[in-house]
Amino acid sequence: MAKKGTICELNNVQYIDIRMAMVKGLRTLEEIKADTNVCGECAGCKENLDWILSSVCGCKNVSLATVVNAVKNGANTVEKVAELTQAGTDCGRCTKLVENIIAIGR
């Protein structure tokens, strides 16, 4: 799991900044770079960005692909996604991201 706090050491970009960009619907490294100013090259970026961008729920270790597949297979509420994937059943911090995935389907 990625560390919390500062991810991009060069530009002082926080974990929460990256997650909030994902909540807005940004999914690719290029989109995240443009929105948050992560460099993608420092040790923090290299160590954490791939994991952050491919995950939804760190508490239950649920991937973005797993949630997207659940939505594509009919899970159209946060509760249905939680039933199928366990995302959001622990602390609930990923709920906004799950809502965004449902809304845009990716």
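The following questions and answers go through how some labels were assigned in this predicted model.

User: What makes the count of disulfides come to 0?

Analyst: A disulfide needs two cysteine sulfur atoms within 2.5 Å. By this rule the count is 0. For Cys45, the nearest cysteine sulfur belongs to Cys42 and is 3.7 Å away, so Cys45 is in no disulfide. For Cys59, the nearest is that of Cys91 at 3.6 Å, so Cys59 is in no disulfide either.

User: Is Cys45 buried or exposed, and how do you know?

Analyst: Cys45 has a relative accessible area of 2%. Buried means under 20%, so Cys45 is buried.

User: Why is Cys59 called partly exposed?

Analyst: Its relative accessibility is 37%. Partly exposed covers what lies between buried, under 20%, and exposed, over 50%. Cys59 therefore counts as partly exposed.

User: How do you know which salt bridges the structure holds?

Analyst: A salt bridge requires a side-chain nitrogen of Lys or Arg within 4 Å of a carboxyl oxygen of Asp or Glu. The structure holds 2 of them. One joins Asp35 and Lys24, with N to O at 2.8 Å. Another joins Glu99 and Lys96, where the closest N and O atoms are 3.7 Å apart. Both values are within 4 Å, so both pairs qualify.

User: What makes the pair of Asp35 and Lys24 a link between distant parts of the chain?

Analyst: Asp35 is in helix α2, while Lys24 is in the loop between α1 and α2, and the two are 11 residues apart. Lys24 is exposed, with a relative accessible area of 55%. Asp35, at 36%, counts as partly exposed.

User: Why are Glu99 and Lys96 separated by about one helical turn?

Analyst: The reason is that they are 3 residues apart in helix α6. Lys96 counts as exposed at 54% relative accessibility, and Glu99 as partly exposed at 35%.

User: How do you know that Arg27 has no salt bridge?

Analyst: The nearest side chain of opposite charge is that of Glu31, 7.0 Å away.

User: What makes the pair of Arg27 and Asn100 a polar contact?

Analyst: Their side chains are joined at 2.6 Å. A polar contact has N or O atoms within 3.5 Å, so this value is inside the limit. A polar atom of the Arg27 side chain also lies 2.5 Å from the backbone oxygen of Met22. Beyond four places away in sequence, Arg27 touches several residues, including Leu53, Leu64, Leu97 and Ile104.

User: Which residues touch the most other members of the largest nonpolar core?

Analyst: They are Ile18, Ile32, Val38, Val56, Val67 and Ile101, out of 33 residues. Among the elements that each supply at least two residues of this core are β1, α1, α3 and α6. Leaving out residues up to four places away in sequence, Ile101 touches Arg27, Val56, Leu64, Val67, Val68, Val71 and Arg106.

User: Why is Ile102 called partly exposed?

Analyst: Its relative accessible area is 22%. Buried would need a value under 20%, so Ile102 counts as partly exposed. Ile102 is placed in helix α6. With residues up to four places away in sequence not counted, Ile102 touches Val71, Ala75, Asn76, Thr77, Val78 and Val81.

User: How far apart are Ile102 and Ile52 in sequence and in space?

Analyst: They are 50 residues apart in sequence and 18 Å apart in space, from C-alpha to C-alpha.

User: Why is Asn12 called exposed?

Analyst: Asn12 has a relative accessibility of 53%. Exposed means over 50%, so the label applies. Asn12 lies in the loop between β1 and β2. Its phi is positive, about 55°, although Asn12 is not a glycine.

User: What makes Asn61 exposed, and where is its place?

Analyst: Its relative accessible area is 62%, over the 50% limit, so Asn61 is exposed. The place of Asn61 is in the loop between β3 and β4. Asn61 is not a glycine, yet has a positive phi of about 55°.

Conventions. Residues numbered from 1 in each chain as written. Predicted model: local features only at pLDDT ≥ 70, side-chain atom pairs only at ≥ 80, totals over all residues. Heavy atoms only, no water. Buried < 20%, exposed > 50% of the residue type's maximum accessible area, 1.4 Å probe, protein only. Core = buried A, V, L, I, M, F, W, Y, C linked by side-chain atoms within 4.5 Å. Helix = DSSP H or I, 4+ residues; strand = E, 2+ residues; numbered from the N terminus. Contact = heavy atoms within 4.5 Å. Lys, Arg positive; Asp, Glu negative; His and termini not counted. Polar contact = N/O pair within 3.5 Å; in protein donor to acceptor, adjacent residues only side chain to side chain.
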